[in-house]
Amino acid sequence: MQRKLMFIVAAVLVAWGSCLPATADETADSSVWLLKKCTLVHRNGRHNVLLRALRQMHDPKLKPLFSELVQKHHPVMQIHGVLGLAEIDPDKKIDLALVADIKDSATQAQLVSSAIESDLLTVEQAKQLIGWPGLTEPVKVIVAAYLTSKGQFTDAAILDESLKSDNPAMVGMAAMLKMQLGHSDAIRYLEELQQSNKPNRLQVQAMLMQTAIRYEFDKIAPWAMKLADDPEADRGLDLLALRTAVHFGAKGGGSAWAKQYAAATGAADRIRLAMLAVDLSDKLPPDLYDRLKKDSLPLIQQLGAVGQTIASKQDPTDPILKLLDQNNVLAGKWVMQYANDQPIDKATPILVGVILAAEGEPNPPQFRAQRLENVVLATEMLSEKADNAAAIVHALLEKASMLTQEAMVMGLIRSDADRPDKMIDGYDAWQSDTAASLALLLRAKNTDKLTADQLDRLGLIVRGGAGLQEPLRVQAAWIYVKLTDQDKVTLASVLGK
């Protein structure tokens, strides 16, 4: 009987406790657990998403955590640790001593690639790195490509050892770099690759052309044109080869495109070729787009109108906005890339159009998730580049529906602008609790003062009561322990110290 009574008392206490407001300790405990999860390897790769969210804080107080990651045996953790330390470094550059400490060649290569991608490796550092005795060939080729793209690499002999490798990717990269440095005879290695039966030949060839476009290695154009013209070329590779050849102005590019378009047997192939023509519209003649404008598909017709306008050196804003109405995922991605490459005064009306098109007519629910992701990116771009971003954001928030509001605030949270929270100053007409929670997180990330009510709401986010995704809860957790002066003890708990 006494034992039964104890169970009843315990049950009552648990039920009563669940109705009580959470204490600061409960939120701190949740914060410790969330931050601890960032340091654990998850089979589904969840740790990558959580660590990227933490790195986005760019907070020097996180140095102990990143330093601990560097000491881990797991390569991905080491990479996140080194990059995290570089991102909070006052000079925003990677520590070469930490690169040297990583002995595994594949991990070192991935780390250096990521540092280059994130602008955390300077040209001077790259020159030091490529001169290291014992530097593995994969890292050497990666650094050589980076320096070549900057016009800071001339010693082609460094690549000779890589040409002897059994790895087709190593040979192909070294050959392409030597060609870029004026050694035209190195093309034989690429021709040998094309004739080989290597199991990963197609992947290597695709990687070479993608790298060439990224780094503007134009000497590869004749080889790419030959692939594009080859009737025996592998399906899929011919389109990338054509893109590469036309991108670098290879002779006959327009004719090769017209030939492929005439041979296209279905709508999917025609759409891919139409997208390619639009993507390269600043390098192709205006009359090429006449055949697109005569196509039976409205999407291709509109792509033709956009491409012809750009090729004619006219303002493409109106046809691009009409293209958004076609509600096509590939076209939407192209619009975002095009806007990103333009001066902000030309990009602004397009980015505003992307936001307005997210949920409005005539767009159906289909592909709404992709359109909302474009809203996130568009808001992020506007906040980082437009001088009048605050006025634009305010005006758009007034018109936006619930999901668009949420996506816009998410874009501001991701933004690297100076004080993106200022863009929602004075605005509180949120149409959902999620939008309100996101707005609070945005403000909390950019200030060191919150009211008691706001701090309580932030604690709710940390504990999962606001319905935000885990990466955002991780950011909220770190902000919370800092605002409550618990960051040092929290890190000690997370790191087991």
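A pocket, as the word is used here, is an open set of grid points where a 1.4 Å probe fits, with protein on both sides within 12 Å along at least five of seven lines, and its lining residues have an atom within 4 Å of a point.

**View 1. The largest pocket of this predicted model and the residues nearest its centre**. The lining of the largest pocket is made up of 29 residues, and those that lie nearest the centre are Gln56, Glu373, Val376, Met410 and Arg414. The space within this pocket comes to about 930 Å³.

**View 2. The helices and residue classes that line the largest pocket**. At least two lining residues are supplied by each of α3, α23 (368-385), α25 (402-414), α26 (433-445) and α28 (470-483), and the largest share, eight residues, belongs to α23. Sorted by class, the lining holds 13 nonpolar, nine charged and seven polar residues.

**View 3. Asp59 in the loop between α3 and α4**. The loop that holds Asp59 runs between α3 (46-55) and α4 (63-70). Asp59 has a relative accessible area of 9%, and because buried means under 20%, this residue counts as buried. Its side chain is joined to that of Trp478 by a polar contact of 2.9 Å, and, leaving aside residues up to four places away in sequence, Asp59 touches Ile88, Trp478 and Lys482.

**View 4. Leu208 in the largest nonpolar core**. This core has 165 residues, and Leu208 is among those that touch the most other members, together with Ile94, Leu121, Trp257, Trp334 and Leu458. Beyond residues up to four places away in sequence, Leu208 touches Gly172, Met173, Met176, Leu190, Leu193, Ile220 and Trp223.

Terms used
Residues numbered from 1 in each chain as written. Predicted model: local features only at pLDDT ≥ 70, side-chain atom pairs only at ≥ 80, totals over all residues. Heavy atoms only, no water. Helix = DSSP H or I, 4+ residues; strand = E, 2+ residues; numbered from the N terminus. Buried < 20%, exposed > 50% of the residue type's maximum accessible area, 1.4 Å probe, protein only. Polar contact = N/O pair within 3.5 Å; in protein donor to acceptor, adjacent residues only side chain to side chain. Contact = heavy atoms within 4.5 Å. 1 Å grid on protein atoms, 1.4 Å probe; cavity = no way out; pocket = protein on both sides within 12 Å on 5 of 7 lines; lining within 4 Å. Points joined across faces, edges and corners; volume = space filled by probe spheres on them. Nonpolar A, V, L, I, M, F, W, Y, C, P; charged D, E, K, R; others polar. Core = buried A, V, L, I, M, F, W, Y, C linked by side-chain atoms within 4.5 Å.
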